[in-house]
Amino acid sequence: MKKHRFSWSHLYLVLVFAVLYAPILFLIVYSFSQGNSMDHFHGFTLQHYQELFDDRRMIVIVINTMLIALLSALISTLIGTLGALQIDKTTNKLTRGTILSLNNILMVSPDVIIGASFLIFFTRFHIGLGFWTVLLSHIAFEIPIVVLMVLPRLSEMSGTMLDAAEDLGATNWQMLSRVILPFISPGIFAGFFMALTYSLDDFAVTFFVTGNGFSTLSVEIYSRARQGISLEINALSGLMFIFALGLIVGYYFIQQANQHRLQKHQKSGAV
Amino acid sequence: MPHRHTNWLYGIPYWLWIGLFVIAPVALIIYQSFFNIDSHFTLNNYATYFHSGTYLQMTVNSVWYALLVTFFTLLISYPAAYIMSHLKHRDLWLLLIILPTWINILLKAYAFIGIFSQAGIANQFLTLIGIGPRQLLFTKSSFLFVATYIQIPFMILPIYNAILDLSPSYVNASRDLGATNWQTFWRVIWPLTLPGVKSGIQAVFIPSLSLFMLTRLIGGNKIITLGTAIEEHFLTTMNWGMGSTIGVVLIIAMVIIMIFTNSDKPTKGDRPS
Amino acid sequence: MAKTIVELKNVSKSYGETTILKHINLELEEGKFYTLLGPSGCGKTTILRTIAGFTDATTGEIRFDGQKINDVPANKRKVNTVFQDYALFPHMSVFDNVAFGLAIHKLDKAEIKQRVQAALTLVQLEGYTNRGIAELSGGQQQRVAIARAIVMKPRVLLLDEPLSALDAKLRRAMQVELRNLQQRLGITFLFVTHDQEEALAMSDDIFVMNNGEILQSGSPVDIYDEPVNHFVADFIGESNILPGHMIKDYEVEFGGQKFTCSDAGMKPNEPVEVVLRPEDLTITTPENGKLVVTIETQLFRGDYYEIVGYDDDHHEWLIHSIHSPKDGERVGLTFDPDDIHVMRYGEKEAEFEARLDAYED
């Protein structure tokens, strides 16, 4: 009886996962298909990948996208961590609540609102649309997620731990660099990671603030997809899937290795 | 702690960010909503919005479809999250849920253009079972399907976390007191995982109001969401005032949703008191 | 008399309307074991934190080695603290935790290593240098916290309820160890606890606190035998406290009878409270007893019986005895005049001591 129910639930889960992955696999399969449509498989070819690598414009856009993602993630991690430290210091409940609400506005706002309001903002201050406006916008919408990743680690830190550090002679800077930062580093790392994915994932905000000269991958895919099917995009999604898979496997193994090292460390210490 | 006032200078970039990229843009969009296309102050945008049937119809439609998307997403996600949380290698399954969110939303939308096309795989299947081919792309149902598809991981994650946080002893206690599986679920598990459901709804409903790229690529403009209208006004007709007015409506909708889904931990800051 | 190392002069602390400390005066001498004893919220931890430098005194002076240190930040004070929750750094090994303060002060590696090893040896954790904090038991974490503080060679060690998280058996063992450690190091310990047994067992001197005030200070024996008021008598040990009248010097009335006692210096017929410790009461036959009670309940405590009885006025009497009477039995109770301790209502410690001095001469 119990076993029977189990298999039904597993079947359901498998179905959900199948639906989740089917479109992605579909894209990748057709990236190897000859011809120019996604209706029947016309035989294996790498021609679309060849086209992709020859497409100078696309290569530049990929580099731009990566550059924006890395730079914005780095800067937002820095600013967000400093912000989290400040919020953590704020003990007044009302002030803290207000700051957190302000912090979360960009988290919950729809992309179009962020995009439109940033567009008004940049235009009003006569900042020309392009690389810098995209970078600034990405930094702006990544900061709150970094804060939200770092803040819980900070509040996990018991107050007496800082007392202890000060008691043992640590200055403000030493408390920060030797106690706080090492302790919250998992949160900072997670924040950076989330910021990176937010940047790579974004379409709508970028679409509003990008102007004519500058483009990121998602904007480019949007304009090409509106023109119809081009298997070069399939090839691109194949590469991006492998990239994402690589990142996530890497992340998984780093975590595993960390745990492993910790255990080993503990074992050698026990001797 | 008298000796430990960490330098407020460190925080300057963060306060600048709040000022320039949180407060200023919201203020600007509200301000802009009072100007017409010729940059003259006017209340006409709001008058137009509330008097023209088209805008109100569009708002109702937008909210209705967002509700549908949220409902279907929840319907599919809750059981999936529940089953996942009881699996042995659940961390791995969780990663598998997260992985599709790293594939750009436009690539996924693009895949459905292929799948739903006239000669696409979906229609081939319909032909096989004898009810196709049909027009699938550029219909309301295809929009619903793709939007639900895209939002599922964002619903599963918070629910999954809420279920994991649930101590098994509650379930055991409920069984111990004679509750059936269904009673245990309905009286213990569901209420205790409700916060996760609420944040899932928050994460799905608001973006669903503004998925303009899907309405264009998949919905074929059969559905005009608030997001589509804003994009149209800002980037095509260049009527920023009207676009901002719709934006303000969207912001208000968002605040209402926040109030409803945050009821158990109200933060004083987001409500004028 | 030993040298005074820490001195609090008229220290008060308030947060807005709430007053945590009221005019605290205390002096700690070098090389002694002191305990701040009181119920939770009485301000004892706040005193510790003002000495450590984590909290400012609103008014009053904190002196260390004769110097006023109100404005010296915590990281410059020559006192160290063992925290209630240990506050060990979870991202560091045992060695790095203990070495933290030394590394902050930029000592050279060899000296750090040698001093850390010595400190760990002192707390019997020699083999644990590379362990992570999370894999230690509560008792071991406690020892690391102590090692981390004493490795700094403080002249005063502050201990904020360090034993409260340990189980009863381990707590007793640690009491002995802490006392030994203090005597070996020869430095001043200021120990905060709400556990009167702990305070009595370990301290040279105890400060009993309640509501932000020090009610009484003195050796454990003095405080136990001659509590200044009802609160202290009740908080320290177990007692029978009864209302009575002081007939004249060395004669007190309670329970409708007159008794000889060893207290004096009060007004004739002044209403007083009388303290009789349960272990000072001896069970005898009703004819030989100074008081007669009916036994209500008794609990076996291992080394004695805890017996509750009622006299004819329905006063409850707590008796500790190695003999067990029968339930419902009428027994007599005897005690010596010295066992009676008389307390005046509202008398402060200073007045109490002055009165004691007056008639003991």
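**Exercise 1. Describe the contact between chain A and chain C.**

Step 1. Count the residues: 19 come from chain A and 21 from chain C. Two residues are in contact if their C-beta atoms, placed from the backbone, lie within 7 Å.

Step 2. Find the elements on the side of chain A that touches chain C: α7 (159-167), α8 (172-201) and α11 (231-270) each supply at least two residues. Helices (H or I, at least four residues) and strands (E, at least two) are DSSP runs, numbered from the N terminus.

Step 3. Pick the main contributor: α7(A) gives the most to this side, with 6 residues.

Step 4. Sort this side by class: 8 residues are nonpolar, 8 polar and 3 charged. Ala, Val, Leu, Ile, Met, Phe, Trp, Tyr, Cys and Pro count as nonpolar, Asp, Glu, Lys and Arg as charged, and the others, Gly among them, as polar.

The model is predicted: local features need pLDDT of at least 70, side-chain atom pairs count only at pLDDT 80 or more, and totals for chains, interfaces and linings use all residues. Residues are numbered from 1 along each chain as its sequence is written, while chains are lettered from A and ligands numbered from 1 in the order in which they are written.

**Exercise 2. Describe the contact between chain A and chain B.**

Step 1. Chain A brings 65 residues and chain B brings 68 residues.

Step 2. On the side of chain A that touches chain B, helix α1 (residues 2-31) of chain A gives the most, with 13 residues.

Step 3. By class, that side of chain A holds 47 nonpolar, 12 polar and 6 charged residues.

**Exercise 3. Outline chain C.**

Step 1. Its secondary structure amounts to 9 helices and 20 strands.

Step 2. The C-alpha trace of chain C spans about 75 × 45 × 40 Å along its principal axes.

Step 3. Chain C is divided into domain 1 (4-225) and domain 2 (282-334), with bounds from an automatic or database domain assignment. The C-alpha centres of these two domains of chain C lie 42 Å apart.

Step 4. Check the confidence: pLDDT, the predictor's confidence in each residue, from 0 to 100, averages 92 in chain C, and 99% of the residues score at least 70.

**Exercise 4. Which residue contacts does V146(B) make, leaving aside its neighbours within four places in sequence?**

Step 1. With those neighbours set aside, V146(B) is in contact with A109(B), F112(B), L214(B) and I218(B).
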